[in-house]
Amino acid sequence: MTRKDSVIKTEKLTKRFGDFIATDEITFEVLKGEIFGFLGANGAGKTTAMRMLCGLSTPSSGKATVAGFDVYRQTEQIKQHIGYMSQKFSLYEDLTVLENIRFFGGIYGLDNRQLKSKSEELVQRLGLQSETKKLVGELPLGWKQKLAFSVSVLHEPKIVFLDEPTGGVDPVTRRQFWALIYEAASRGITLFVTTHYMDEAEYCDRISIMVDGRIEALGTPQELKIKLNESTMDGVFYQLARGAKRSD
Amino acid sequence: MRTIKFLLQKEFRQIFRNRAILILIMVMPVMQLIILPLAADYEVKNINLSVVDHDHSPYSQQLISKITASGYFRLQGYHTSIEEAYRSIEQDKADLALEIPYGFERNLIREGEQQLFIAVNAINGTKAGLGGAYLADIIRDYNQHIRTELTIPTRFQSLPIIEIVPNNRFNPLLNYQFFMVPGILAILLTMVGGFLSALNIVKEKEIGTIEQINVTPIKKHHFILGKLIPFWILGNVVFTLGLLVSWLVYGIFPQGNLLAMYGFIWVYLLAVLGFGLLISTYTDTQQQAMFIMFFFMMIFILMGGLFTPINSMPGWAKVIANLNPVSYLVEVMRMIILKGSGWRAVLPHLGAILGFALVLNSWAIWNYRKTN
């Protein structure tokens, strides 16, 4: 793979909060169309790193570009080209399904025709035809998460950041959720996912594992298993993360 | 512009979907405006009076009945000694004690002179001060009365008397409601606007939706405008309701230029909402925002010239009052509603409030961080 194919590139990216180094000189690259698993124990610094890449948080030092834009100076251009789904559920629960879709589509600058076709397509894909006028707060968690993901890719971003998107979701819905992720990847969208489920790690093209703010391992799931001489991803994760000094 | 359209659509949907809050915004100010002016009264009534009458003469009786007939005093009881009357003051039963000495009537007729003794319970300063003044007034009046009764009228009045006939301009009957109602409306408007805007962005911070907004390419001033405009419209509705209530319930209708009144309110609302938004950019939870807003509201209300005139405040307090938007609104409302002022008179106030609006809103936009 050549250099121009990378959509995220970091070099010694660091975030300090006073004495605490949340993210410690991480260097990695994410390639276009890739599903990149960003793993680590609780408190390892994943969310902080992700927030820096999304332009929500300014790095303390190091370099990074996202979709070709600089994370220090061009955060607003980055925001035009990414989608983001945070740990907290973040659609408006007091708006209906359709109102949420139209609102977020609207502020990303879709025109009326696009809004109409995109929302119809989205509702159909999720099988939410009979629920469009329901308040989002009344939907079950699994549906909310699938809806939130679909809304985050509505404006066809180059990269989507997903922060533990399947936390608390049942296995069947998790499977459906990953089907949505694969579908997005097939359209050329790059996916940057954090998760605590090791079966989900296996679905990723490449993964990195963070321990205490640093990236300890990076490669395909197969490569990591061979390197650490483990038969499962659970084993790989346990071997790396048990030495962690910090946790929530 | 399209972004703002989507933001407004969203805010209005959320406001109208939250029925409980909507009713609170509309009904609460109306109710308060109906109830508060009836209680927030500068006149002191029901002053409890203890009387020690050593004289028991027709004249002393006449004086006492004149006092009780005034409507301000309630006869708490007769006592045989001033010590006993003191005790009733100590027990908080009486606010004032009046001692009529032995020989009151006789001395008054023979010597043409007599002293009375008044003791005042000054725990409640306002009640004591006004009560003492009322009582002194009634006694003076009584004095006038017996003087004309006792002296044989001559062609030339032997004692020159200066009588003051005040002409109360703008509020001839000194109806305190004319004074209080516009002031209370000013405070209600400030409270509704300030709290609504302060809590709104913080609420989005609490539930996490602000993060989803911050990760979009939305412009900061679009976002702030999207929050400002809906509450600005609500503020206008509340103000109009308030004007209607003061007209229908109290018969108070702006004597001056109604457009000038609204023009001022339009700018004033921008200032108050900007202040609320500014607080919401500095706080992380609704609880914090609430407490900070209360802190400022107390200062705004007590130092806004509604309850105490700003002119009689010490110098440092006048500085604070000048930095208090409420003081401008209270003044302008009284100018336009009571005095009948027009554009020209409120221009300096309008300029000051415009300054507040610009500073507070720019500050809020500057301090609202999409990237931390």
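Student: In which helix of chain A is the place of A:Ala185?

Tutor: This is a predicted model. The run to look at covers residues 171-186 of chain A, and A:Ala185 has its place there. That run is helix 6.

Student: Is A:Ala185 buried, partly exposed or exposed?

Tutor: Count the other C-beta atoms within 10 Å of its own: there are 16. A buried residue needs 20 or more, and an exposed one has 12 or fewer. The count for A:Ala185 falls in between, so A:Ala185 is partly exposed.

Student: Which residues is A:Ala185 in contact with, leaving aside its neighbours within four places in sequence?

Tutor: A contact here means C-beta atoms within 7 Å. With the neighbours within four places set aside, A:Ala185 is in contact with A:Gly33, A:Ile35 and A:Leu191.

Student: How far apart in space are A:Ala185 and A:Phe104?

Tutor: Along the sequence, 81 residues separate A:Ala185 and A:Phe104. In space the distance is taken C-alpha to C-alpha, and it is 21 Å.

Student: Helix 5 and helix 6 of chain A come within 10 Å. Why do they count as roughly parallel?

Tutor: Two packed helices are described by the angle between their axes and the distance between the axes. Here the axes of helix 5 (residues 141-152) and helix 6 of chain A cross at roughly 10 degrees. Angles under 35 degrees count as roughly parallel. Helix 5 and helix 6 of chain A are therefore roughly parallel.

Student: Which residues make that contact, and how do they divide into nonpolar, polar and charged?

Tutor: Helix 5 of chain A brings A:Gly142, A:Gln145, A:Lys146, A:Phe149 and A:Ser150. Helix 6 of chain A brings A:Thr173, A:Gln176, A:Phe177 and A:Leu180. The residues of this contact divide into 3 nonpolar, 5 polar and 1 charged.

Student: What is the handedness of the crossing of helix 3 and helix 4 of chain A, and which residues make the contact?

Tutor: Helix 3 of chain A passes helix 4 of chain A in a right-handed crossing. From helix 3 of chain A come A:Leu98, A:Ile101, A:Arg102, A:Gly105 and A:Gly106. From helix 4 of chain A come A:Leu115, A:Lys118, A:Ser119 and A:Leu122.

Student: Is A:Thr10 buried or exposed?

Tutor: A:Thr10 lies in strand 1 (residues 6-17) of chain A. Its contacts beyond four places in sequence include A:Ile26, A:Phe28 and A:Gly62. There are 24 C-beta neighbours inside 10 Å, and 20 or more are needed, so A:Thr10 counts as buried.

Student: Where in chain B does B:His56 lie, and what is its phi?

Tutor: B:His56 lies in the loop between strand 1 (47-53) and helix 3 (58-69) of chain B. B:His56 is exposed, with 12 other C-beta atoms within 10 Å. Its phi is positive, near 50 degrees.

Student: What is the radius of gyration of chain B, against that of a compact globule?

Tutor: Chain B has 14 helices and 4 strands. Its C-alpha atoms fill a box of roughly 95 × 45 × 40 Å along the principal axes. A compact globule of 372 residues would have a radius of gyration near 21 Å, whereas chain B has 28 Å.

Student: Which helix of chain B supplies the largest share of the side that touches chain A?

Tutor: The contact takes 19 residues from chain B and 21 residues from chain A. On the side of chain B, helix 1 (2-17) and helix 8 (209-214) each supply at least two residues. The largest share, 7 residues, comes from helix 1 of chain B.

Note on methods
Residues are numbered from 1 along each chain as its sequence is written. Chains are lettered from A and ligands numbered from 1 in the order in which they are written. This is a predicted model: local features need pLDDT of at least 70, side-chain atom pairs count only at pLDDT 80 or more; totals for chains, interfaces and linings use all residues. Two residues are in contact if their C-beta atoms, placed from the backbone, lie within 7 Å. The radius of gyration is taken over C-alpha atoms; the globule rule is 2.2 Å times the number of residues to the power 0.38. A crossing is left-handed if the near helix is turned anticlockwise from the far one by less than a right angle, and right-handed if clockwise. Axes are lines fitted to C-alpha atoms, for helices over the stretch in contact, and angles run from 0 to 180 degrees between N-to-C directions. Angles under 35 degrees count as roughly parallel, over 145 as roughly antiparallel, 65 to 115 as roughly perpendicular and the rest as oblique. Ala, Val, Leu, Ile, Met, Phe, Trp, Tyr, Cys and Pro count as nonpolar, Asp, Glu, Lys and Arg as charged, and the others, Gly among them, as polar.
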